[in-house]
Each structure stands twice: as C-alpha cells, then as structure tokens.
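Here is a short briefing on one protein chain. Look through the sequence and the model before reading the points.

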Amino acid sequence: MKKFVLALGAVAAFAAAANAQTVVTDTDGNGTFSIEELTAAYADMTAETFAAIDANADGEVDADELAAAQEAGTIAE
Ligand SMILES: [Ca+2]
Ligand SMILES: [Ca+2]
C-alpha cells in the first residue's frame with residue numbers, strides 16, 4: 001500500500017512538471033512583450049532580468065528574444 005501511494009506521488013509530480021510551460025500573453029497586441037506582460041507570466045521578473053532578455057535593448061522583448069532566454073535558462077520555459 002505504501003509503495004502504491006509513493007508511485008501516485010511520482011506521477012503527480014511528473015504531471016505538474018509537464019504542465020509547467022509558461023505562456024506569456026501579448027496583452028496589448030503590439031507584437032512584442034513589455035515588462036508588464038512578462039511580469040504577468042513570471043512573478044519574479046525584475047528590470048535586470050528583463051534587460052538581460054531584451055537582447056537588442058529596444059525596451060520590448062520579441063518572440064525570438066523570449067525563446068532565446070528560455071533556451072539559455074534565464075527564465076523558465
Ligand atoms: Ca505587448
Ligand atoms: Ca528587444
């Protein structure tokens with residue numbers, strides 16, 4: 001019985017990890033992500049992290065910059 005409960009716990013942990021994909025929403029529909037839009041998806045977003053993601057320093061994060069930051073591990077996927 002104890003083994004069965006442990007197995008269920010492992011399955012639940014795996015399912016939670018599989019659902020961890022973070023979705024960033026372009027709320028204002030301008031085609032890029034502002035720090036406000038990123039903060040909505042990443043509660044721990046800071047100006048420093050945003051600047052690190054914004055590779056071309058234009059003050060907005062585009063889809064390529066977001067994907068690169070997720071691949072680099074700067075932010076979670
Ligand atoms: Ca936007
Ligand atoms: Ca940018």
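The points below go from the whole chain to single residues.

This is a predicted model. The protein chain has 4 helices and 0 strands. Along the sequence, the pattern reads α-α-α-α.

**The chain as a whole**
- The protein chain has 77 residues, and 12% of them count as buried.
- Take the contacts in the protein chain with a separation of 6 or more: residues 24 or more positions apart account for 30% of them.

**The nonpolar core**
- The largest nonpolar core has 8 residues in all.
- Its members are Phe33, Leu38, Phe50, Ile53, Val61, Leu66, Ala69 and Ile75.
- Helices H3 and H4 each supply at least two residues of this core.
- Ile53 is one of the core residues. Setting aside neighbours within four places in sequence, Ile53 is in contact with Val61, Glu65, Leu66, Ala69, Thr74 and Ile75.

**Ala72, in a helix**
- Ala72 is part of helix H4.
- Is Ala72 buried or exposed? Ala72 counts as exposed, because it has 10 C-beta neighbours inside 10 Å, and the cut-off for exposed is 12 or fewer.
- Ala72 and Ile53 are 19 residues apart along the chain, and their C-alpha atoms are separated by 9.8 Å.

**Ser34, in a loop**
- Ser34 sits in the loop between helix H1 (2-18) and helix H2 (35-41).
- Ser34 has 16 C-beta neighbours inside 10 Å, so it counts as partly exposed. That class lies between the cut-offs of 12 or fewer for exposed and 20 or more for buried.
- Which separation do the C-alpha atoms of Ser34 and Gly59 have? They are separated by 7.4 Å, with the two residues 25 apart along the chain.

**Ala57, in another loop**
- Ala57 belongs to the loop between helix H3 (47-53) and helix H4 (63-72).
- The phi of Ala57 is near 55°. That is a positive value in a residue other than glycine.
- Ala57 counts as exposed, because it has 7 C-beta neighbours inside 10 Å.

Conventions
Residues numbered from 1 in each chain as written. Chains lettered and ligands numbered in written order. Predicted model: local features only at pLDDT ≥ 70, side-chain atom pairs only at ≥ 80, totals over all residues. Core = buried A, V, L, I, M, F, W, Y, C linked by C-beta atoms within 7 Å. Contact = placed C-beta atoms within 7 Å.
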